[in-house]
Amino acid sequence: MTAAAGAVEARLAELGLKLPAVVPPLAAYQPAVRSGAYVFTAGQLPMVEGAIPVTGKVGAEVSPEQAKELSATCALNALAAVKSVIGDLDKIVRVVKVVGFVASAPDFTGQPGVINGASELLGEVLGDKGVHARSAVGVAVLPLDAPVEVEIQVEVRD
């Protein structure tokens, strides 16, 4: 951890987690953008060191439990994207909204449980600041055959 790291990154370390490098964009967009007091992230895939560890549809090739873990990875990547814009995660006032997409087998209806991985990680890391509104949406396919994708919106202070 660097000397600039604050309480949020200390909490990540306590949880045995490390903020990853920002995942480079796969197309024509930015990983995160600030507008006024808010930072909006692009959809974050569960990339780990440049690769998606498990691909496929949840409820078919990917178990709901695996997908929930991947959802937490997406949230960690989203925090890295937020930090790239504001420089210090301690500037987060609160997570306002989480939107999660789950590439689902036709009969899979457990999208909320999958996206709980992201929500629970944000709560563990940010405490009350991590409590948010949320949508969990089942989709036919995601980029790179990822099982999950998560975007977050956070309120920040200067």
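**View 1. The largest nonpolar core of the predicted model.** This core has 38 residues, of which L79, I92 and I152 touch the most other members. A nonpolar core is a set of buried Ala, Val, Leu, Ile, Met, Phe, Trp, Tyr and Cys residues joined through side-chain atoms within 4.5 Å; buried means under 20% relative accessible area with a 1.4 Å probe, protein chains only. At least two core residues come from each of α1, α2 (64-86), β3 (92-103), α3 and β5 (148-156), and α2 gives the largest share, twelve residues. Helices (H or I, at least four residues) and strands (E, at least two) are DSSP runs, numbered from the N terminus. The model is predicted: local features need pLDDT of at least 70, side-chain atom pairs count only at pLDDT 80 or more, and totals for chains, interfaces and linings use all residues.

**View 2. Surroundings of I152.** Leaving out residues up to four places away in sequence, I152 touches V39, F40, T41, A78, L79, V82, K97, V98 and L122. Contact means heavy atoms within 4.5 Å.

**View 3. Helix α1 against helix α3.** The axes of α1 (residues 7-14) and α3 (residues 111-126) come within 8 Å and cross at roughly 115°; axes are lines fitted to C-alpha atoms over the stretch in contact, with angles from 0 to 180 degrees between N-to-C directions. V8, R11 and L12 of α1 meet E124, V125 and L126 of α3. Four of these contact residues are nonpolar, none polar and two charged. Residues are numbered from 1 along each chain as its sequence is written, and side-chain values use heavy atoms, without hydrogens and water.

Terms used: Ala, Val, Leu, Ile, Met, Phe, Trp, Tyr, Cys and Pro count as nonpolar, Asp, Glu, Lys and Arg as charged, and the others, Gly among them, as polar. Buried means under 20% relative accessible area, exposed over 50%, partly exposed in between (1.4 Å probe, protein chains only).
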